[in-house]
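Please open the structure in your viewer and keep the selection tool at hand. We will go from stop to stop, and at each one you will be told what to select.

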Amino acid sequence: NSPPPVAASEEEEIQQNLKKEFGAKETPLDLEISESDKTFLQEAHRDYLRFLALQKKFNFTRGPGSEEGAGKICATYKIDLFWHSHMLNTREYRRDCESYLGDIVPHAPWPTEAVESLNNKFNFTADLWQREFGDEFQSTKP
């Protein structure tokens, strides 16, 4: 039996938590940029929120101090851009992850696995993404 898909309300909860962080400050989505860049950033933002929702739903972080479930899913280029931006505010990143997920989502700065392992992880994530969100998990750069 498959668990039910991630609810839109879970995505909204993450988005609200992240928006609290910015408050009245300008966010990357508020900048005056080209429509294609704006679309790219909006998709990246949406996908990062979905990535966090998957982390929560399937408990891939496995609780404080544990890396047992860490790294079971992978990020696309778009997701990684938002992830890095979030991590730059280290206190807020820790607070957001711990309050929403129970622990931070570990991140390796570069692939530390064999290509076959990365391909398997990508395929696992793509299948899960399709089932949960009904969208293709895209890894292409802009």
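Residues are numbered from 1 along each chain as its sequence is written, and side-chain values use heavy atoms, with hydrogens and water left out.

**The whole chain.** Select everything and colour by pLDDT, the predictor's confidence in each residue, from 0 to 100. The average over the chain is 77, and 67% of the residues score at least 70. Confidence is lowest in helix α1 (residues 8-22), with a mean of 64, and highest in helix α3 (residues 77-88), at 91. Over residues 63-69 the pLDDT is below 50. Where pLDDT is low, the predicted coordinates should not be read in detail.

Of the 142 residues in the chain, 34% are buried; buried means under 20% relative accessible area, exposed over 50%, and partly exposed in between, with a 1.4 Å probe and protein chains only.

**Helix α2.** Select residues 35-57, the 23 residues of helix α2, whose end C-alpha atoms lie 32 Å apart. This agrees with the 33 Å they should span at 1.5 Å a residue, the expected span being 1.5 Å times one less than the number of residues. Among the buried residues here are Phe40, Tyr48, Leu52 and Leu54. Just after α2, Asn59 takes a positive phi of about 50°.

**Helix α5.** Next select residues 115-133, which form helix α5, with 19 residues. Its buried residues include Leu128, Trp129 and Phe133, and just after the helix Gly134 takes a positive phi of about 75°. Within α5, pick Asn120, which counts as partly exposed because its relative accessibility is 47%. The C-alpha atoms of Asn120 and Ile73 are separated by 9.7 Å, although these residues are 47 apart along the chain.

**Two cysteines.** Finally, select Cys74, which counts as buried because its relative accessibility is 14%, and then Cys97, which counts as buried at 2%. How many disulfides are there? With a disulfide taken as a pair of cysteine sulfur atoms within 2.5 Å, the count comes to 0.

How values were computed. Predicted model: local features only at pLDDT ≥ 70, side-chain atom pairs only at ≥ 80, totals over all residues. Helix = DSSP H or I, 4+ residues; strand = E, 2+ residues; numbered from the N terminus. Contact = heavy atoms within 4.5 Å.
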